[in-house]
Amino acid sequence: IDEAFYTKSINWLSREALSGLQSVHMGRGPHYEYEEPIEGEKYAMGVDVSGGTGGDYSTITVVSTTTRQPVYHYHSNDIPPFKFAEVVFEQQSHWNDALVLCEGNSMGAVVIGLLEQWGIDLWKDDKGKDWLTNKTSKIRIMERLREMLENNHFQELHKDLVDEIISLVPTKTGSAAAKKGKHDDLVMSLALALECSESIPNFADVLTRTKLIDQWKKKVRSNRILKQKIPFRPASWR
């Protein structure tokens, strides 16, 4: 986290929010699973598609609609869109037939077309159209994500996602983007998954959800305290 403060550029998040990020190493991927699907739970999936030519990454993030916590990521920059659609298909089924919000820009149209052929339940807006990321829509989803990060909503996040969050800087349009040479594809799939989750009715008790979120916040705070350096050395340790 300290590396984020060495740059002269303005960070998208406050120092307090950056210092509160809890990263976890989750292996080499491309599949990263925080937990197994819970029977009866509803999940939302955000999908960001690239060309699979070694540049930007094709990513999937799945979040719980009860807690809004990420439970799964997929992250690869060498999978072509038609093969990536198969991964989305498999994971949609694995996560209790999750509702899928796939960005329709560019290569995303290929994935959406295949998923529709296979009968996958896709997110649509109130006019029946797919999601398109533009200046206005990106500001909305990124501001939701920033609010959640500033409020320490998330318990632990995959290290690569944390690295992307640290690299975000404000843009002239009022949104955020990765610094030159960095990526923000996992960030986008998380923001899309959160947008998707907003459209899924969830009948979990509000007090139960609030209690769970409060428990995660307390855990984050306690982990932060435990990781602090002790300013003195007790005699019993000498």
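P30 is found in the loop between strand β1 (23-24) and strand β2 (31-33), and a cis peptide bond with an omega of about 10° joins G29 and P30. This is a predicted model, in which local features need pLDDT of at least 70, side-chain atom pairs count only at pLDDT 80 or more, and totals for chains, interfaces and linings use all residues. Residues are numbered from 1 along each chain as its sequence is written, and side-chain values use heavy atoms, with hydrogens and water left out. Helices (H or I, at least four residues) and strands (E, at least two) are DSSP runs, numbered from the N terminus.

Most residues other than glycine have a negative phi, and most peptide bonds are trans.

Two helix pairs are set out below; axes are lines fitted to C-alpha atoms, for helices over the stretch in contact, and angles run from 0 to 180 degrees between N-to-C directions.

| Helix pair | Angle | Axes apart |
|---|---|---|
| α2 (residues 81-94) and α3 (residues 108-117) | about 50° | 9 Å |
| α4 (residues 135-150) and α6 (residues 185-197) | about 95° | 9 Å |

Angles under 35 degrees count as roughly parallel, over 145 as roughly antiparallel, 65 to 115 as roughly perpendicular and the rest as oblique. Helices α2 and α3 are therefore oblique to each other. Their contact (heavy atoms within 4.5 Å) is made by P81, F82, F84, A85, V88 and F89 of α2 and V110, V111, L114 and L115 of α3. By class, this contact of α2 with α3 has 10 nonpolar, no polar and no charged residues, where Ala, Val, Leu, Ile, Met, Phe, Trp, Tyr, Cys and Pro count as nonpolar, Asp, Glu, Lys and Arg as charged, and the others, Gly among them, as polar.

Helices α4 and α6, in turn, are therefore roughly perpendicular to each other. Residues in their contact include R140, I141 and M148 of α4 and V187, L190 and E195 of α6, and the residues of this contact of α4 with α6 divide into 10 nonpolar, no polar and four charged.
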